[in-house]
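Hi there,

Here is the structure I promised to pass on. Have a look at it first, and my notes follow below.

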Amino acid sequence: MSTHKAGFVNIVGKPNAGKSTLLNQLMGEKLAIVTQKAQTTRHRIFGIYNEEDLQIVFSDTPGVLDPKYGLQEKMMDFVKDSLQDADVFLFIIDITDKTEHSEFLVEKLNKIPVPVLILVNKIDASNQTDLEKIMEFWHEQIPKAEILPISALTGFNTEVILPKLKSMLPENPPYYGKDLYTDKPERFFVNEAIREKILLNYEKEIPYSVEVVTEQFKETDGMIFIDSVIYVERDTQKGIIIGHKGDAIKKVGTEARIDLEKFFSKKIHLTLFVKVKKDWRKNDRDLKNFGYR
């Protein structure tokens, strides 16, 4: 009788290291939004990978940072939670990142009594000498970890990750139904698709001041009707989001709708509204209402 393996694999690392890109690559499905901007991921997202004798529950987390305000503190709570409950950790290193590594994360990963796989990412943007140096450095930092050079964006060497994880995971029945691929509801992916387009289309502080809430998600045979609210912190930001004669928000809506039609395989009717919720990133009640518990 064949055995079934199942477990939780948590993806951790600094902002913009490629955690969400890797999750999408391993799942073969775009679950997490990806941009070049740091702090793109705000929530902890589960991606549930299934084979006949295997279930891997991937957890993508916000990048590790030194929090400056309420929202970032809540994001770090998601990271701390993820350090409690994994069977394996995937620690992603950006080979192009020259800033200091996270002592907090290194200390935690050394103490945790489960396997750690260090993935040195973006090696297509580096050279062999730098790669050897960084692999040697991380071997000294976390001696128990296995180290693997990859490119999450191009998929280079990522095909060996799933077999490695399978060998590391314990024998368990599946934690989730085999037909599920995420723990998040449809509205979460609508919110994230809209937020991704805001990150890509606006500069400076604007994308970080935005939260998206989907108030209606109504599915019919041939179409999904969606009403979503984009919340900003100040009136001036509302004007920037809307743009001259509504051009800016129309562009966001069109780009998000195209992505959502691919994701849901249905026609989408998307209506966007913009509202001001003053200083919501620093307000505990607002943060709780937006799902940052």
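Before the notes, one cut-off: a residue is called buried when its relative accessible area is under 20%, exposed when it is over 50%, and partly exposed in between. Please also keep in mind that this is a predicted model.

Let me start with Phe8. Its relative accessibility is 17%, so Phe8 counts as buried. Phe8 forms an aromatic pair with Tyr175, and the two rings are tilted, with 4.8 Å from centre to centre and 55 degrees between the planes. The pair links distant parts of the chain: Phe8 sits in strand S1, while Tyr175 belongs to the loop between helix H5 (161–168) and helix H6 (186–201), 167 residues apart. Tyr175 comes out at 40% relative accessibility and therefore counts as partly exposed.

Phe91 is buried, with a relative accessible area of 4%, and Trp138 is buried with a relative accessibility of 4%. The count of aromatic pairs comes to ten. Ring pairs also link Phe188, Phe189, Phe217, Phe263 and Phe264 into a cluster.

Now for the sheet. It is open and has six strands in the order S2-S3-S1-S4-S5-S6, with mixed pairing. Strand S2 (45–51) and strand S6 (146–149) stand at the edges with a single partner strand each, so one side of each has no neighbour in the sheet. From one strand to the next, the twist averages 20 degrees. Strand S1 (residues 5–13) pairs with strand S4 (residues 88–94) in the parallel sense, over five bridges. If you want to find this pairing on screen, look for Asn10, whose bridge partner in S4 is Phe89. Helix H4 (residues 128–141) packs on the sheet and touches S4, strand S5 (116–121) and S6. The direction of H4 makes about 160 degrees with that of S6.

Which residues have the most contacts inside the largest nonpolar core? They are Phe58, Leu90, Ile194, Ile230 and Ile241, in a core of 51 residues. This core draws at least three residues from each of domain 1 (5–168) and domain 2 (186–290). Leaving aside neighbours within four places in sequence, the contacts of Phe58 include Val9, Ile11, Leu23, Leu26, Met27, Leu90 and Leu162. Another core, of 21 residues, lies apart from the largest one, and among its members are Val12, Val116, Trp138 and Ile142.

Finally, two backbone details. Most residues other than glycine have a negative phi. Lys122 is not a glycine, yet has a positive phi of about 70 degrees. Lys122 is found in the loop between S5 and H4, and it is partly exposed, with a relative accessible area of 22%. Asn157, also not a glycine, has a positive phi of about 70 degrees. Asn157 lies in the loop between S6 and H5 and is buried, with a relative accessible area of 18%.

Happy to go through any of this with you.

Best wishes

Note on methods
Residues are numbered from 1 along each chain as its sequence is written. This is a predicted model: local features need pLDDT of at least 70, side-chain atom pairs count only at pLDDT 80 or more; totals for chains, interfaces and linings use all residues. Side-chain values use heavy atoms; hydrogens and water are left out. Two strands pair if DSSP finds at least two bridges between them. Helices (H or I, at least four residues) and strands (E, at least two) are DSSP runs, numbered from the N terminus. Axes are lines fitted to C-alpha atoms, for helices over the stretch in contact, and angles run from 0 to 180 degrees between N-to-C directions. Contact means heavy atoms within 4.5 Å. A nonpolar core is a set of buried Ala, Val, Leu, Ile, Met, Phe, Trp, Tyr and Cys residues joined through side-chain atoms within 4.5 Å. Buried means under 20% relative accessible area, exposed over 50%, partly exposed in between (1.4 Å probe, protein chains only). Domain bounds come from an automatic or database domain assignment. Rings of Phe, Tyr and Trp (its six-membered ring) pair if their centres lie within 6.5 Å; planes under 30 degrees apart count as stacked, over 60 as edge-to-face and the rest as tilted.
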